[in-house]
Amino acid sequence: MKTASPFSFPVSPALAAKLAKLGLARDADLVLHLPLRWEDETRITLIRDLLPAQTAQVQATVRDAKVAYRPRRMLTVTVEDAAGGVLGIRFLHFYPSHLKLFQPGESFRFSGEVRGGFLGLEMVHPRFVKADDDTPLPTQLTPVYPTTAGLSQAALRKLVTHALAAPIPDTLPAEWRAELGLAELESSIRLLHQPPQASALAELESRHHPAWRRLAFDELLAQQLSLASARRQRNARPTLPLPPRQRLTAAFIHALPFELTAAQERAWQEISRDLAQSHPMRRLLQGDVGSGKTVVAALACLQAIENSFQAAFMAPTEILAEQHYRKLAQPLAALGVRCTWVSGSQRKAERQAAWQAIAAGEADLAFGTHALFQEGGSFQRLGVAVVDEQHRFGVGQRLALMQKGTEPHQLMMSATPIPRTLAMSFFADLDVSVIDELPPGRTPVVTKLVSAARRDDVLVRVREACLAGGQAYWVCPLIEESEKLQLQTAQDTWAVLTEQLPDLRVGLVHGRLKPDEKQAVMAAFQAHEIDLLVATTVIEVGVDVPNAALMVIEHAERMGLAQLHQLRGRVGRGSRESACVLLFETPLSELARARLKVIFELSDGFEIARQDLLLRGPGELLGHRQSGLPMLRFADLERDVDLLEAARNLAQRCLAQHPEIAARHVERWLGSRQSLSAT
């Protein structure tokens with residue numbers, strides 16, 4: 001028995017599998033599978049008018065064709081047009097049938113990029129079609145679609161044409177379109193698939209055309225509707241409120257050796273009010289490196305505990321999870337709070353004992369890595385879950401932790417500040433608190449860009465700093481040699497620096513050490529039993545050694561802006577003048593040059609994050625590779641900020657007054673991706 005095709009036309013199982021790779025499972029997906037670019041095959045250019053690097057189409061007759069063997073095997077074809085212009089055509093990959101096809105006197109149209117060859121102008125591997133003077137030219141630009149192996153452009157164009165045969169109803173009423181100055185949906189989609197000859201290619205390819213703006217708005221509106229709906233659904237779900245009791249929280253604040261900054265106090269009050277509500281908190285706490293987010297998160301945990309609930313504190317690495325545990329366990333124990341920690345590399349007996357204490361309610365606060373949400377353990381009464389460095393976890397992982405309790409409150413933290421447009425877009429279902437000031441006493445960090453050719457000068461600087469009583473980090477991106485990347489490794493660097501700096505105590509820490517080994521090294525560094533710590537990026541977040549005022553980062557050109565800013569935040573935590581030296585190899589790519597320029601010129605994490613968004617897009621900040629969170633296909637968060645504002649405003653009105661329009665719009669634009677609302 002044949003299963004019904006989700007398409008309105010016959011599609012074989014093999015073709016359906018190829019389409020699935022492109023995320024195309026229904027006619028509507030094909031309709032929204034828009035071109036990457038367009039080629040102008042509506043006109044013929046005379047060969048004498050061709051210019052190198054130009055993309056053009058010529059109509060010419062074959063003069064001769066032959067297989068050459070130097071410098072390599074290739075098919076060479078010489079063609080001549082009606083005006084007497086001569087052009088060389090080369091095929092580096094060809095079949096014997098090609099030689100039979102290009103017979104002298106046969107006429108073809110060739111489309112491709114023009115190059116300056118040894119014997120004159122040529123095209124290499126152009127597209128071609130048999131044609132003569134009577135063959136009509138297309139009246140529309142030719143679309144070039146994203147595709148996959150085994151699915152040609154011609155086949156994909158035919159499928160899209162089939163899907164476009166049906167009318168495309170507009171989900172937005174005409175008065176809304178007029179109010180927002182938007183084009184009709186159907187005319188916009190048809191124009192982008194089949195632009196007329198007169199269409200301005202530059203405007204189409206820059207995505208400033210009104211047709212692109214309509215699609216960008218619809219996509220943003222669907223996203224805002226989905227997230228706003230998720231917020232409404234969450235607010236309708238009951239959970240047990242955790243009102244402030246002022247027993248543990250007030251005692252913890254009183255015991256701190258410093259006063260909370262105004263920004264910390266503001267963020268804490270926002271979180272405390274959320275916890276007292278009868279619906280689950282979903283709040284993002286963001287702040288720059290060293291702004292004091294951990295203290296605010298500890299207060300959230302304490303408000304749960306003083307209401308007889310448990311709390312979970314999850315971090316992306318064992319070093320950070322254990323550091324949170326060791327930093328907070330002692331002051332919290334003085335308040336009577338029972339803390340434990342869970343990690344995937346713990347001994348089985350230790351891990352089982354920790355989970356037994358958690359399940360029995362004998363542990364109030366559990367610290368850990370992803371092991372906290374893996375199967376096999378459960379909380380007796382989880383009230384608050386804190387997720388540190390939330391962008392390092394996928395949405396699915398965060399949801400797994402949520403299932404450990406009866407709809408607990410959730411606080412996500414990020415030391416990678418989220419640009420405003422990204423927060424408005426992908427975090428529209430969350431409340432956001434910002435700690436936008438640093439505690440007094442933080443020492444400004446001087447950033448220096450140094451070529452790897454001056455490595456010896458850097459060694460002298462490190463030796464002088466350490467012999468003067470300071471400490472330093474030397475960060476490498478890999479643990480062991482990679483033939484592919486050929487980067488300096490932490491192990492090799494440790495061996496070299498130990499030999500070159502015999503009067504310094506050099507330590508080594510990386511992600512493959514056992515937890516007790518890592519902790520022993522970090523404890524020795526904190527106790528100043530190690531002068532220079534060679535490390536991989538496991539020290540990126542959370543590590544706090546005030547006496548370490550110098551950091552050297554190998555191959556800084558290979559790292560992202562967020563990572564460089566995080567690493568730089570490990571110094572400048574004491575009274576010493578602090579510096580971060582970025583060692584780079586030449587030549588630099590354009591992207592690497594741009595990143596290093598940003599990190600050299602800026603120290604504000606929010607502006608660095610904005611520049612990172614401009615350079616690389618939102619993926620890194622969102623952790624979408626782990627989560628499957630759909631990225632925006634048509635909208636650009638910087639270019640379309642006005643559309644984002646308009647979509648956010650319309651989403652609220654649409655959900656309140658026209659829920660049927662909202663449902664149709666989300667179905668069209670997100671389809672099976674509506675799981676976005678579950679985040």
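Helices are DSSP runs of at least four residues, numbered from the N terminus. Helix α3, which spans residues 96-101, contains lysine 100. The structure discussed here is a predicted model. Its protein chain has 25 helices and 21 strands. Of the 679 residues in the chain, 51% count as buried. Among contacts between residues at least 6 apart in sequence, 74% join residues at least 24 apart.

- Lysine 100 counts as exposed because its relative accessible area is 65%, and exposed means over 50%.
- Although lysine 100 and alanine 65 are 35 residues apart in sequence, their C-alpha atoms are 9.0 Å apart in space.
- Phenylalanine 110 is placed in strand β5, which covers residues 107-117.
- Phenylalanine 110 has a relative accessibility of 0% and therefore counts as buried, the cut-off being under 20%.
- Leaving aside neighbours within four places in sequence, the contacts of phenylalanine 110 include Ala56, Gln57, Val58, Val79 and Ile89.
- Phe102, Met123, Pro126, Arg127 and Phe128 are also among the contacts of phenylalanine 110.
- Methionine 123 is 13 residues from phenylalanine 110 in sequence, and the two C-alpha atoms are 8.4 Å apart.

**Helix α18 and its surroundings**

- Helix α18 has twelve residues, numbered 515-526.
- From its first C-alpha to its last, α18 reaches 16 Å, which is close to the 16 Å expected at 1.5 Å a residue.
- The buried residues of α18 are Pro515, Lys518, Gln519, Val521, Met522, Ala524 and Phe525.
- Helix α12 (318-333) is included in what covers these buried residues of α18.
- The cover also includes four strands, namely β17 (471-475), β18 (506-509), β19 (532-535) and β20 (548-553).
- Just after α18, histidine 528 takes a positive phi of about 60°.

**The largest pocket**

- The largest pocket holds about 990 Å³ of space.
- Its lining is made up of 39 residues.
- Of these lining residues, Phe258, Gly292, Val295, Lys327 and Asp544 lie nearest the centre of the pocket.
- Three helices, α9 (248-255), α11 (293-305) and α12, each supply at least two residues of the lining.
- Helix α12 gives the most to the lining, with six residues.
- Sorted by class, the lining has 18 nonpolar, eleven polar and ten charged residues.

**Cysteines**

- The structure holds zero disulfides.
- Cysteine 301, for instance, is in no disulfide, and the nearest cysteine sulfur, that of cysteine 339, is 8.9 Å away.
- That pair does not count as a disulfide because the two sulfur atoms would have to be within 2.5 Å.
- Cysteine 301 is buried, with a relative accessible area of 1%.
- Cysteine 466 also counts as buried, at 5% relative accessibility.

**Backbone features: positive phi and cis peptide bonds**

- Most residues other than glycine have a negative phi, and most peptide bonds are trans.
- Histidine 125 is not a glycine, yet its phi is positive, at about 50°.
- The loop between β6 (120-124) and β7 (127-130) is where histidine 125 lies.
- With a relative accessibility of 35%, histidine 125 counts as partly exposed.
- Histidine 555 likewise is not a glycine and has a positive phi of about 50°.
- Histidine 555 lies in the loop between β20 and α19 (561-568).
- Histidine 555 is buried, with a relative accessible area of 7%.
- The peptide bond from arginine 70 to proline 71 is cis, with omega near 0°.
- Proline 71 belongs to the loop between β2 (55-68) and β3 (74-80).
- Threonine 586 and proline 587 are also joined by a cis peptide bond, with omega about 0°.
- Proline 587 is located in the loop between β21 (578-584) and α20 (590-601).

How values were computed. Residues are numbered from 1 along each chain as its sequence is written. This is a predicted model: local features need pLDDT of at least 70, side-chain atom pairs count only at pLDDT 80 or more; totals for chains, interfaces and linings use all residues. Side-chain values use heavy atoms; hydrogens and water are left out. The expected span of a helix is 1.5 Å times one less than its number of residues. Buried means under 20% relative accessible area, exposed over 50%, partly exposed in between (1.4 Å probe, protein chains only). Contact means heavy atoms within 4.5 Å. On a 1 Å grid over the protein atoms alone, a cavity is a set of points where a 1.4 Å probe fits but cannot get out, and a pocket is an open set with protein on both sides within 12 Å along at least five of seven lines; lining residues have an atom within 4 Å of a point. Grid points are joined across faces, edges and corners, and a volume is the space filled by probe spheres set on the points. Ala, Val, Leu, Ile, Met, Phe, Trp, Tyr, Cys and Pro count as nonpolar, Asp, Glu, Lys and Arg as charged, and the others, Gly among them, as polar.
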